[in-house]
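Here is a short tour in questions and answers. Take a look at the structure first, and then we can go through it together.

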Amino acid sequence: MTDAGAAPAVLELAGIEKAFGAVSVLRGIDLDVRSGEVHALLGENGAGKSTLMRILLGAESADRGRMKLAGEAYAPKSPGDARRAGVVMVPQERTLCLHMTVLENIVLGLEPHLAGFVRRGEARSIAERALGLVTGVGRRIALDARAGQLSVADQQLVEIARALAQGGAADDASGERRASGGHVQGVLVLDEPTSSLGHDDAARLFTRVHALKAAGLAIVLVTHFLGDVRAHADRYTVLRDGKVQGTGDPNDTPPEQIVREMLGRELEEQGRAAGGSEGASSRHEGTSSRQDDVLLDVRGLGGHERPRSASFVLHRGEVLGIAGLVGSGRTELLRLIAGLDEPARGDVDVRADKGVGLLSEDRGGEGLMLARSIAENVTLSKRGSFLAMPGRILADGARWIDLLSIKASAPSQAAGELSGGNQQKVQIARLLREDYDVLLVDEPTRGIDVASKAQVLALVRDLARRGKGIVLVSSQLDELISACDRIAVLRRGALEAPRAASAWTEEQLLLEASS
Amino acid sequence: MKLGAILPERRPAWLGPLVAVLVVYAVFAVLTPDTFLRTQNLLTMARQTVVVAICALGMTMVIVTGGIDLSTGSLVALTTVVVARLLKSGYSPGVAVLCALAVAAGVGALIGTLVGRFKMMPFVVTLGAMSILRGGAKGLADEQKIDCDTKGLEKLLSADLAAPGLWIALGLAVLVALLLGYTKFGRHVFAVGSNESAARLCGIDPARVKILVYTLSSLSFGIAGVMELSTLTVGDPTDSIGLELDVIAAVVIGGASLAGGEGSVVGAVLGALLMTVIKTGAVHEGMPSWTQEIATGAIIVMAVALDRARRSRQVGARR
């Protein structure tokens, strides 16, 4: 791959197919990435982006199809193989060891050593070269700083430097090559690099991405932000249902077309036909929404990072939807309203006597005591009398299992043994038992099966009809449009004014959230 | 199928330790029937268990919240010193004991505040407290034992069935078992240990729960300190060094998990009893003391290993 810089495409994928059991995830993907370009990979959740990237990085192998790297057959059997070939990825979530220094993080796993002792000078020069590639001259990141002391944006740059070091871009050999040809070899995959960054930091990051591109790297940018794609990508490819739906120059393509390619015409119409009728009927019954009966008045609410500002009014009997990309601050907004985090500015006026309850998106981590029984989870409450008789707790649990038709062997069964949908119902049972006026519902259908999804959404509508106020956060746009009365879009931390759900289409929501 | 419906879904946590106590007791009874089976021996073992068992009541609560308390031995020693000094200064036994218990509860409230409100690691806070309280006890006692007229306190653990100490320990065990198993507070203690975020989500203040737990547990160490004074009949600042390790062992043998969310008061008391039976049995058998130490250690590791094995089997059976 020494003289691959001259080849038109450094990475070529042809006819890649992959199935997990009977589910076919990739159905013949063709993709080529050129040296010195940023190639954006777009697609909704479940479109097959992650699987494709896993195959590219050797974490998964394709069932059919072939890959070529710099003109030679490329079939990595492990991420290690991929790294040695110069194909590396910076994952979406941060993976630095925050207690260690920048230098230690960059050479982690690559430490040059003599009989087990790290050769410090050599390690430093590798880290220096890798960080230099990313930050350029006049870099602001010190090699001996602790990773935890850096800003999120700088940590991101260190992650990229580490990936490049692992791909061999900072080796002596390629250093010589760079000196001779000014070229850095390899493929760098950036997975949602700006989802946790503010506007300025994102812009700074892209300046560096442009520099890496100019140095000859082939960069695959996996993202949801159409704005970033238009501003920074040379080409884009849209995946949907495991197929390439469109590819081209993002600057010659209207964003509406890209969104259509992502959502899919016929799929969307189906969704509207099914969801629309159901949504319309439940909304008709849900006319109990009383404009004068305000439960929540949120004014200029902001957290320390996200959200930046959010204002809205929630009425009794309505479902207010919040749409936004991952990292836009949706969960943080709900936590601020629930009083779990301290707001940095703005205020929440809760006019609901019975308070505000939150359904956490993190069922295992925050929502439930997985090792304890269903009954204990349902009845866990601040309120209640001094005595808590086990018999009565079990009876109470049994009653809720019955009411919400939770599939369980007994109220004494551990919550962790239930399916995702049934765990979700246990969480909901707890909120209903507390009888809150306002329910903040975060991704209620994540990771649960289709039948349970419909049940959970019907329950949400039903609760609104019975006079609760509900704020629903969901990544499923069809879900928002069918279940909500009004929808507001959260874009890079700022909540826009809500509009009637009937006025939105999925396309418009996605366009608004990702622009 | 029918049998499965009748049997409880989970064996109670104290069943294992109960079987262990009975088996070990039976073994020693067979080996040395003439001495081991005497009522006097039973009474002696019960009296020797009292201090560890009372401490284990509080430690169980602490461990269920996911915490640990290393200052137990130091607090017990401090209590003996405080009571002895007050008695020597002429205060009545009632006043002396109440003051000492107030000191113990105050120490617990402070530890609980540091752990709960200031989110400090319980291990570190109580490691510090262990040293501070030990030093405080020595300072208060001028680095020597305090002889005093115990004015009746020595009868707390007298060698007969009527010894009030035995019944106080039993009564406290019942009380703490009820508190953990049958009250809202008990539920909250388990919830904080099982998933602190979930507890907070439900409006429970984990810091408040922890402050209460450490206060109550230190109070139990104080009560144990009074019992210790009753057997020592002097205030001894160097007493009970390493007691906390015996107490933690008893709680763990009793089925608690150091990760929090699990634990049994009955199990912990049985765990304390098991260690006494081993020690006493070994003495009766004329076994050297190092063998008791090995046996106790092996039982701790075995208890946890068996518990792990049982749990992975349960999970496996359900899948």
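Q: Over what distance should helix H2 of chain B span, and how far apart are its end C-alpha atoms?
A: Helices (H or I, at least four residues) and strands (E, at least two) are DSSP runs, numbered from the N terminus. The expected span of a helix is 1.5 Å times one less than its number of residues, so the 17 residues of H2(B), residues 15–31, should span 24 Å. That agrees with its end C-alpha atoms, which are 25 Å apart.

Q: Before we go on, what kind of model is this, and how are residues and chains labelled?
A: Residues are numbered from 1 along each chain as its sequence is written, while chains are lettered from A and ligands numbered from 1 in the order in which they are written. Local features need pLDDT of at least 70, side-chain atom pairs count only at pLDDT 80 or more, and totals for chains, interfaces and linings use all residues, because this is a predicted model.

Q: Why do the buried residues of H2(B) line one face of the helix?
A: A residue is buried if 20 or more other C-beta atoms lie within 10 Å of its own, exposed if 12 or fewer, and partly exposed in between, with C-beta atoms placed from the backbone. In H2(B), B:Gly16, B:Pro17, B:Ala20, B:Val21, B:Tyr25 and B:Phe28 are buried. Taking the directions from the helix axis to the C-beta atoms, these buried residues line one face because they fall within an arc of 155°.

Q: Which exposed residues does H2(B) carry on the face turned away from its buried side?
A: An α-helix has 3.6 residues a turn, so residues three or four places apart point the same way. On the face of H2(B) turned away from the buried side, the exposed residues are B:Val19, B:Val23, B:Ala26 and B:Val30.

Q: Which helix gives the most to the side of chain B that touches chain A?
A: Counting two residues as in contact if their C-beta atoms, placed from the backbone, lie within 7 Å, 20 residues of chain B are in contact with 25 residues of chain A. The elements of chain B that give two or more residues to this side are H8 (164–182), H9 (184–194) and H10 (196–201). With 6 residues, the one that gives the most is H9(B).

Q: What radius of gyration does chain A have?
A: The radius is taken over C-alpha atoms, and the globule rule is 2.2 Å times the number of residues to the power 0.38. For 515 residues, a compact globule would be near 24 Å, which agrees with the value for chain A, 25 Å.

Q: Which residue in S2(A) is the bridge partner of A:Ala19?
A: Two strands pair if DSSP finds at least two bridges between them. Strand S1 (residues 11–20) of chain A is joined to S2(A) by 8 bridges, and the two run antiparallel. They belong to an open sheet of 4 strands with the order S2-S1-S4-S5. In S2(A), the partner of A:Ala19 is A:Ser24.

Q: Where is A:Asp241 found, and what is its phi?
A: Most residues other than glycine have a negative phi, and most peptide bonds are trans. A:Asp241 sits in the loop between strand S11 (235–240) and strand S12 (243–248) of chain A. With 16 C-beta neighbours inside 10 Å, A:Asp241 counts as partly exposed. Its phi is positive, near 50°.

Q: What is omega for the peptide bond from A:Arg306 to A:Pro307?
A: A:Pro307 lies in the loop between strand S13 (290–302) and strand S14 (310–316) of chain A. The bond from A:Arg306 to A:Pro307 is cis, with omega near -15°.
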